[in-house]
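Hello,

Here is the structure I promised to pass on. Please open it first, then read the notes below.

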Amino acid sequence: IMQDSYNDIWFGTSRGTLARVKGKEYQIAHFDSISIKGEIIKIVQTDYKSLWVVTSEEGAILIELPLPDINRIKARRFNRKDNLSEFITGACLYPETGTLLCSTISGIQLFEQNSSKFKNWLNLPLLIWRNRCGSLLEVQ
């Protein structure tokens, strides 16, 4: 569950449903060209313009804000073709840069905005890493 800079409350479910509460209205997100499978494990806002939705099985989805229509969301999925492992156990934003970090079975992966791809940042398989965001990211 997270609240964005537009005061909308977002939450994800273990079955891949992304929903938003806008004022007193509950809305389920519908994407134009992608679906979400697996658990939504993290939702974070990078700035006033984008929202990351991180899933346990299918990588991460980048949504541009604000959303004119929650029933036709245009988004981009990042997964193996973008060097991101599909088995993600946690995520956070790197405080200094707002860059997305994901803990995966391959270690900690970092999103590079200039290439729009992920790269291995730390190779720590089978360890628990306390990140600079203050929470534990488990790499199993």
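What follows is a short account of what was found in it.

First, a caution: this is a predicted model.

Overall make-up

The chain has 140 residues, and 46% of them count as buried. It holds 14 strands and zero helices. The accessible surface comes to about 7,800 Å². Carbon and sulfur atoms hold 49% of that surface. For contacts between residues at least 6 apart in sequence, 39% join residues at least 24 apart.

Two bridges link strand 1 to strand 2 (residues 9–12), in the antiparallel sense. There, Met-2 stands opposite Trp-10 of strand 2.

Further along, strand 3 (residues 18–22) meets strand 4 (residues 25–28) through four bridges, again antiparallel. Lys-22 has Glu-25 in strand 4 as its bridge partner. These two strands form a hairpin with two residues between them. Gly-23 sits in that turn and has a positive phi of about 65°.

As background, strands of a sheet pair through backbone hydrogen bonds, either parallel or antiparallel.

Next, look at strand 11 (residues 107–112). Five of its six residues are buried, leaving the strand mostly covered. It pairs with strand 10 (residues 99–104) in the antiparallel sense, over four bridges. Two residues connect strand 10 to strand 11 in a hairpin. Ser-103 stands opposite Ile-108 of strand 11.

Strand 11 also pairs with strand 12 (residues 117–122), antiparallel, over five bridges.

Ser-56

Is Ser-56 buried or exposed? Ser-56 is found in the loop between strand 6 and strand 7. It counts as buried, because its relative accessibility is 15% and the cut-off is under 20%. Which residues does Ser-56 contact, leaving aside neighbours within four places in sequence? They are Gly-38, Glu-39, Ile-41, Glu-86, Phe-87 and Ile-88. Lys-37 is 19 residues away from Ser-56 in sequence, with a C-alpha to C-alpha distance of 8.4 Å.

The largest pocket

This may be the part you turn to for your own work. The largest pocket has a volume of about 160 Å³. Its lining is made up of these residues:

- Thr-46, Asp-47, Lys-49, Ser-50 and Trp-52, among others
- Leu-62 and Glu-64, also part of the lining
- Thr-97, Gly-98, Phe-111 and Gln-113, likewise

By type, the lining divides into three nonpolar, five polar and three charged residues. Strand 6 (50–55) and strand 7 (60–64) each supply at least two of the lining residues.

Best wishes

Terms used:
Residues numbered from 1 in each chain as written. Predicted model: local features only at pLDDT ≥ 70, side-chain atom pairs only at ≥ 80, totals over all residues. Heavy atoms only, no water. 1 Å grid on protein atoms, 1.4 Å probe; cavity = no way out; pocket = protein on both sides within 12 Å on 5 of 7 lines; lining within 4 Å. Points joined across faces, edges and corners; volume = space filled by probe spheres on them. Nonpolar A, V, L, I, M, F, W, Y, C, P; charged D, E, K, R; others polar. Buried < 20%, exposed > 50% of the residue type's maximum accessible area, 1.4 Å probe, protein only. Contact = heavy atoms within 4.5 Å. Areas by Shrake-Rupley, 256 points an atom, 1.4 Å probe, with all protein chains shown as cover. Pairing = 2+ DSSP bridges.
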